[in-house]
Amino acid sequence: MNTEIELKLELSPEDLDRFAASGLLGEPARTEQQRSVYFDTRGRDLYQSGFTLRIRTVGAARTQTIKATGPGASVFARPEWEQPLSADEPVVDHTTPLAAAFDLEPDDLEPHFTVEVERRTWEVDQDGTQIEVALDRGMIASGNRQTAVGEIELELKDGDPKALFTLARRIEAIVPFRLGVLSKAERGFRLIDARPIVFKAEPVVLDREMRVTKSFRTIALACLRHYRLNEDVLRERKNPEALHQVRVALRRLRSAISLYKDVLGDEESARINGELKWLAGVFGKARDVDVLLTRDPEPELRDRLKTARAARYVEVFEALDGARGRALLLDIQQWLHCGDYLSTPPAELRDRPVADFAEAVLDRARRKLKKHGRALAKVSDEERHEARKDAKKLRYAAEFFAALFDDKRGTRRHKRFIDAMAGLQDRLGTLNDLVSGPLVLGEIGLEDHPDAETLVVHADKDKLIDHAQSALDDVIDAKRFWR
């Protein structure tokens, strides 16, 4: 079991004060003021290539740290390089990975932002497990832009990983928190740019020799990151784009659980999948109204829809902030790092190289879509909807495993396959809108509104089915990038 686990808990300033005043951990072992300056080229070549370089000052001591965080990190024997410095200028020499990766002159690196925090550190014994707890409070600044830092980091030093989550729940009983997914370096570079209104799913970094269980955890953590980034935007902006991506992130995670079902056959995976389905359903109700609002309703009907939307967004935030929603993400993290799936499946399945596993999973998903989609004109709306879900699952699998088949031929075939999948999803989505629109209007009591018909998709259903069948056949005929 991998014991290198860290949890980042994000808290408001008020809740940091409440936690500090609670006395849960006693007096800190040490308190220090840290000032970290992050350097990069003018074009941010380091960051774009998956590296960060900082100089941290604590008292009179200066330490330079270079981290490899991107897709290429796995090629290095270690992801982090530290060395003491006597001045405030970065040093790039043969002891770091940067000398070989970049043609850098001394003046090529310049400061981009500064992180100043007060760090309080505790050494905690939780049920015989050693955990380091660090509370950081301060500010990230770049020019005249700044953002507050308020977080607690829990790092497992030695012992049972489950104790880390026991301690997190003890903290959660005192103050609410949200799991953090951005490093201070990421937050700093994002501070420089315009704030995004939505985050798309990022590529999943897998390699062909990775074990199956580790590949699942990597995919699931990528889905959770996608979810959390958009949850923060949704809370701040309440915008439809972020809500949509939150739903996509949950669908991707549920698809991953389904694709790995032969490995995950424990009760906790089924429970968590059920909780994800519940939360996705809450988001889906709000998304349904957002979609209707995109169809240019008449003013009075638009006002009615906005009222319905506001009510459903209230339900979204009640779900997120309620005990059930708050517990879910921590439960998922604990399951990913401590779950029975890490040890109970047979070794030949659990420790199988992921490339072989991915080929089998993609073949199975493709066969399922082919079976359910062979005659769309002859089946019910519900069965066509099942084909739509099969299509999404196949596309997500293709995205999850893309890095495993990234040679020239695989990359070319993958692009064509994804293009065909996108066309199919568009066709099936239009068919779904044709069926779902009246149902949503009925749910919010607007089915008899005189302008309701303007919100319903009007199209030749038979023609839409023919187009969807053609798009599905194109997917099945496309060359498999994984073979």
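**Notebook: a residue, a sheet and a cavity**

I began with Thr213, which counts as buried because its relative accessibility is 9%, and buried means under 20%. The model I am reading is a predicted one.

**Entry 1: Thr213**

I looked up where Thr213 sits and found it in helix α6. Leaving aside residues up to four places away in sequence, I listed what Thr213 touches: Val263, Tyr341, Leu342 and Arg350. I also checked Thr213 against Leu264. These two are 51 residues apart in sequence, and their C-alpha atoms are 8.7 Å apart in space.

**Entry 2: the sheet**

In what order do the strands of the open sheet stand? I traced 9 strands in the order β5-β4-β3-β2-β6-β7-β8-β1-β9, with antiparallel pairing. At the edges I found β5 (80-85) and β9 (178-179); each has a single partner strand, so one side of each has no neighbour in the sheet.

I then noted what packs on the sheet. Helix α5 (residues 184-192) does, and it touches β2 (30-40), β3, β6 (110-126), β7 (129-142) and β8 (145-158). The direction of α5 makes about 165 degrees with that of β8.

A general point for my notes: in a regular strand, side chains alternate between the two faces of the sheet.

**Entry 3: strand pairs**

I went through several pairs.

- β3 (residues 51-58) and β4 (residues 61-68) are antiparallel and share 8 bridges. Here Val58 is opposite Ala61 in β4.
- β2 and β6 run antiparallel and are joined by 11 bridges. I found Asp40 opposite Glu110 in β6.
- β6 and β7 run antiparallel, with 13 bridges joining them. Gln126 is opposite Thr129 in β7, and Glu118 is opposite Arg137 in β7.
- β7 and β8 pair in the antiparallel sense, over 13 bridges. Gly138 has Val149 in β8 as its bridge partner.

**Entry 4: two hairpins**

Which residue in the turn between β6 and β7 has a positive phi? It is Asp127, at about 55 degrees, and the hairpin has 2 residues between its strands. I looked at the β7 and β8 hairpin next. It also has 2 residues between the strands, and in its turn Gly143 has a positive phi of about 60 degrees.

**Entry 5: helix α4**

Which residues of helix α4 (residues 162-172) are buried? I wrote down Ala163, Leu164, Phe165, Leu167, Ala168 and Ile171.

**Entry 6: the cavity**

How many cavities of 30 Å³ or more are there in the whole structure? The search finds 1. The largest cavity has a volume of about 40 Å³.

I listed its lining: Leu179, Val181, Leu224, Arg228, Leu329 and Gln333. Two elements, α6 (212-237) and α10 (323-338), each give two or more residues to this lining. Sorted by class, the lining has 4 nonpolar residues, 1 polar and 1 charged.

Two helices come up again here. Helix α6, which holds Thr213, contributes to the cavity lining.

Methods. Residues are numbered from 1 along each chain as its sequence is written. This is a predicted model: local features need pLDDT of at least 70, side-chain atom pairs count only at pLDDT 80 or more; totals for chains, interfaces and linings use all residues. Side-chain values use heavy atoms; hydrogens and water are left out. On a 1 Å grid over the protein atoms alone, a cavity is a set of points where a 1.4 Å probe fits but cannot get out, and a pocket is an open set with protein on both sides within 12 Å along at least five of seven lines; lining residues have an atom within 4 Å of a point. Grid points are joined across faces, edges and corners, and a volume is the space filled by probe spheres set on the points. Helices (H or I, at least four residues) and strands (E, at least two) are DSSP runs, numbered from the N terminus. Ala, Val, Leu, Ile, Met, Phe, Trp, Tyr, Cys and Pro count as nonpolar, Asp, Glu, Lys and Arg as charged, and the others, Gly among them, as polar. Two strands pair if DSSP finds at least two bridges between them. Contact means heavy atoms within 4.5 Å. Axes are lines fitted to C-alpha atoms, for helices over the stretch in contact, and angles run from 0 to 180 degrees between N-to-C directions. Buried means under 20% relative accessible area, exposed over 50%, partly exposed in between (1.4 Å probe, protein chains only).
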